[in-house]
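I opened the notebook to go through one structure, item by item. These are my entries.

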Amino acid sequence: MITLRQLRYLSSLARHRHFGRAADDCAVTQPALSMQVRELEREIGAELVERRPGDIVLTEIGAEVARRAEHILASTRDLVDFARHREVLAGPLKLGIIPTLAPYILPRVLPHLQRQYRQLRLEVRETQTTVLLDELANGSLDVVMLALPAEGADVETLPLFDDAFLLAVPADDPLPPRARIGVGDVDQRRLILLEEGHCLRDQALAFCATRRGDQPAGLGATSLSTVMQMVANGYGVTLVPEVAIDAKMQDPRVKLLRFRDPEPGRSVGLAWRKTSPRARDFEALGEVMIAAHARDQAADVKARSRA
């Protein structure tokens with residue numbers, strides 16, 4: 001009989017492509033993991049893993065079995081969640097969040113969560129969108145915060161707020177600070193973007209696409225703070241989401257310019273598996289995030305008006 005343990009071992013092996021790393025991930029010895037995978041192959045009646053020195057490759061059947069195993073394991077975790085979680089936002093909750101939101105949203109939201117839901121044990125995973133959605137699908141994460149839309153027929157989403165993009169330029173840039181600008185005012189040859197894999201990069205490129213075919217500057221960074229330092233030192237310009245701007249800590253070497261309506265931006269929201277029984281938890285989490293964002297936006301507007 002096929003067991004959940006065997007499916008978990010195969011799923012880990014599919015992710016790590018190495019018996020030793022998969023065994024460490026599952027907290028078992030390598031021979032024990034290998035034996036269970038062999039037993040799974042006997043039960044199914046097909047070879048799932050092509051074994052090579054120091055490496056493995058899943059067969060075509062093995063890849064499909066591993067994909068289906070992830071759905072079974074995720075459904076099993078959802079079943080456990082259904083039995084265990086009776087109170088809203090109590091116990092462990094694994095939240096995934098993209099890097100262009102995490103440093104700016106979490107410091108605002110976490111204090112409110114701690115005060116309102118004292119039984120919540122939040123675990124945070126910060127990485128790029130594609131990884132988050134993969135880990136959401138296989139049950140490693142309960143809910144993710146990202147830029148919508150979230151691809152996947154098995155995903156439920158909850159929009160939280162809109163996040164406008166501003167153009168960050170060096171303070172001595174000739175563009176007037178209070179004038180609204182258009183896409184034609186963006187010098188794409190000086191445009192600094194995040195490295196490949198960040199959704200903000202794709203959104204910026206989609207907005208700034210022109211018929212001239214200008215290419216962005218040959219620079220890519222892993223964080224917005226790095227990009228902003230490049231702008232502050234005169235190396236180029238960038239699109240920055242409004243949620244990342246703190247009026248009280250704005251760098252005087254950087255000038256922020258707003259675009260004419262309709263302003264470019266992104267919709268920020270939560271996503272979770274449709275099969276998850278914890279929709280009430282995620283909706284409550286969304287309410288806290290919406291309220292925290294509204295408070296901080298109002299405070300930022302007040303700070304800018306004083307400035």
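**Entry: a loop residue, Leu89**

I looked up Leu89 with that term in hand. Leu89 sits in the loop between helix 4 and strand 3 (91–97). I checked its backbone. Its phi is positive, about 50 degrees, although Leu89 is not a glycine. Is Leu89 buried or exposed? I find 1% relative accessibility, so Leu89 counts as buried, the cut-off being under 20%.

**Entry: another positive phi, Ala27**

I turned to Ala27. Phi of Ala27 is near 60 degrees, a positive value in a residue other than glycine. I place Ala27 in the loop between helix 2 and helix 3 (30–44). Its relative accessible area is 71%. The cut-off for exposed is over 50%, so Ala27 is exposed.

**Entry: overall count and confidence**

I stepped back to the whole protein. I list nine helices and eleven strands. The protein has 307 residues, and buried residues make up 45% of them. I then took the contacts between residues at least 6 apart in sequence. Of these, 76% join residues at least 24 apart.

I checked confidence next. The average pLDDT is 85, and 89% of the residues score at least 70. Where is confidence lowest in the protein? I find it in strand 8 (residues 220–221), at a mean of 64. The highest is strand 5 (residues 143–148), at 95. A reminder to myself: where pLDDT is low, predicted coordinates should not be read in detail.

**Entry: cis peptide bonds**

I looked up peptide bonds next. A cis bond joins Leu148 and Pro149, with omega about 5 degrees. Pro149 is in the loop between strand 5 and strand 6 (155–170). I also noted the bond from Asp261 to Pro262. That bond is cis, with omega near -5 degrees. I place Pro262 in the loop between strand 10 (254–257) and strand 11 (265–273).

Cys26 came next. I find Cys26 in helix 2 (residues 19–26). Its relative accessible area is 7%, so Cys26 is buried. Which residues does Cys26 touch, not counting those up to four places away in sequence? I list Arg8, Tyr9, Ser12 and Leu33. I also took the C-alpha separation of Cys26 and Arg8. It is 8.0 Å, for two residues 18 apart along the chain.

I ran the C-alpha check on Ala69 too. Ala69 and Arg8 are 61 residues apart along the chain, and their C-alpha atoms are separated by 7.4 Å. Ala69 has its place in helix 4 (residues 60–84). I record Ala69 as buried, because its relative accessible area is 1%.

**Entry: His112**

I looked up His112 in helix 5 (residues 102–116). How much of His112 is accessible, and is it buried or exposed? Its relative accessible area is 17%. The cut-off for buried is under 20%, so His112 is buried. I left aside its neighbours within four places in sequence and noted the contacts. His112 is in contact with Val288, Ala292 and Arg295.

Rolling a probe the size of a water molecule over the atoms shows where empty space is left. How many cavities of 30 Å³ or more does a search of the whole structure find? I count two. The largest cavity holds about 50 Å³ of space.

I wrote down its lining. The residues are Ile192, Leu193, Leu194, Leu200, Arg201, Ala204, Leu224, Val227, Thr238 and Leu239. Elements giving two or more residues to this lining are strand 7 (193–194), helix 7 (199–208), helix 8 (224–232) and strand 9 (238–241). Helix 7 supplies the largest share, three residues. I sorted the lining by class as well. It has eight nonpolar, one polar and one charged residues.

Note on methods: Residues numbered from 1 in each chain as written. Predicted model: local features only at pLDDT ≥ 70, side-chain atom pairs only at ≥ 80, totals over all residues. Heavy atoms only, no water. 1 Å grid on protein atoms, 1.4 Å probe; cavity = no way out; pocket = protein on both sides within 12 Å on 5 of 7 lines; lining within 4 Å. Points joined across faces, edges and corners; volume = space filled by probe spheres on them. Helix = DSSP H or I, 4+ residues; strand = E, 2+ residues; numbered from the N terminus. Nonpolar A, V, L, I, M, F, W, Y, C, P; charged D, E, K, R; others polar. Buried < 20%, exposed > 50% of the residue type's maximum accessible area, 1.4 Å probe, protein only. pLDDT = per-residue confidence, 0-100. Contact = heavy atoms within 4.5 Å.
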